[in-house]
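Hi everyone, thanks for coming. Let me put the structure up, and then I'll walk you through the bonds and the packing.

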Amino acid sequence: MAEEQISPLKDFLITYIMPEKCYEHLFLRLNLTHGPCVKIVLSKLMSVWMLGELIAPVLQIWVVLQGGSAEGLSLVSVLLQLLAVSIHTAACILHNFPIGAYGESVFVLVQFVLLVFLIQYYKGNTISGCVLLSVYSCDVPADLSSDLAVVVMTMQEWSVRLVITSRVASPFLSL
């Protein structure tokens with residue numbers, strides 16, 4: 001008997017996204033409400049999404065360093081992203097979440113801090129970049145104090161809005 005020809009899509013899905021039984025449930029039987037398979041697929045897709053969120057700033061930093069220019073990057077957009085990640089990280093620390101819940105945010109936060117500095121550096125504003133990062137560094141411990149916990153929690157509610165605003169506004173802002 002001839003070996004069954006597997007489509008490239010099926011091969012990709014079974015290899016990276018779901019087990020073959022889930023492929024059968026979701027694609028052959030069209031049972032899109034099969035709970036365990038939906039959970040598996042969503043979990044894999046969220047993992048890929050999070051990996052992309054971790055890698056994107058690294059790629060931006062690489063392009064800036066290789067090109068020797070921060071043209072096309074908006075300082076306001078990167079600052080809004082830095083603020084959103086900082087709020088999330090501070091809220092997780094205030095809630096005593098385990099590091100696994102926000103560890104990737106710390107990594108992304110460091111990347112955005114570096115991007116802020118590089119934008120200022122390549123625009124000839126090294127001193128203002130250092131001042132900006134100094135002010136930010138002094139603000140972070142204040143955000144973690146119990147007196148500002150309510151403010152941080154309120155800001156966390158706004159963090160999604162800040163990320164969306166930074167993404168939408170970045171093509172229009174060039175400072």
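Let's start with the S-S bond of Cys22 and Cys37: its torsion is about -85°, so this disulfide is left-handed. Before I go on, some housekeeping: this is a predicted model, where local features need pLDDT of at least 70 and side-chain atom pairs count only at pLDDT 80 or more, while totals for chains, interfaces and linings use all residues. Residues are numbered from 1 along each chain as its sequence is written, and side-chain values use heavy atoms, with hydrogens and water left out.

Okay, back to the cysteines. A disulfide is a covalent bond between the sulfur atoms of two cysteines. The rule here asks for two cysteine sulfur atoms within 2.5 Å, and in our pair they sit 2.2 Å apart. The count by that rule is one disulfide. Cys22 belongs to helix α2 and Cys37 to helix α3, so to speak two distant parts of the chain, 15 residues apart. By the way, helices are DSSP runs (H or I, at least four residues), numbered from the N terminus.

Are these two cysteines buried or exposed? Buried means under 20% relative accessible area, exposed is over 50%, and partly exposed is in between, using a 1.4 Å probe and protein chains only. Cys22 has 3% relative accessibility, so it counts as buried, and Cys37 is buried too, at 2%. As for other cysteines, Cys92 is buried at 3%, whereas Cys130 is partly exposed at 39%.

Next, charges. How many salt bridges does a search of the whole structure find? One. A salt bridge means a side-chain nitrogen of Lys or Arg within 4 Å of a carboxyl oxygen of Asp or Glu, and here Lys10 meets Glu20 at 3.8 Å, N to O. This pair also links distant parts of the chain, with Lys10 in helix α1 and Glu20 in helix α2. Lys10 counts as buried, at 13%, but Glu20 is partly exposed, at 42%.

Last stop, the packing. A nonpolar core is a set of buried Ala, Val, Leu, Ile, Met, Phe, Trp, Tyr and Cys residues joined through side-chain atoms within 4.5 Å. The largest one has 17 residues, and Val78, Phe112 and Ile119 are among those with the most contacts inside it. Helix α5 gives the most to this core, seven residues. A second, separate core has eight residues, including Ile17, Tyr23 and our friend Cys37.
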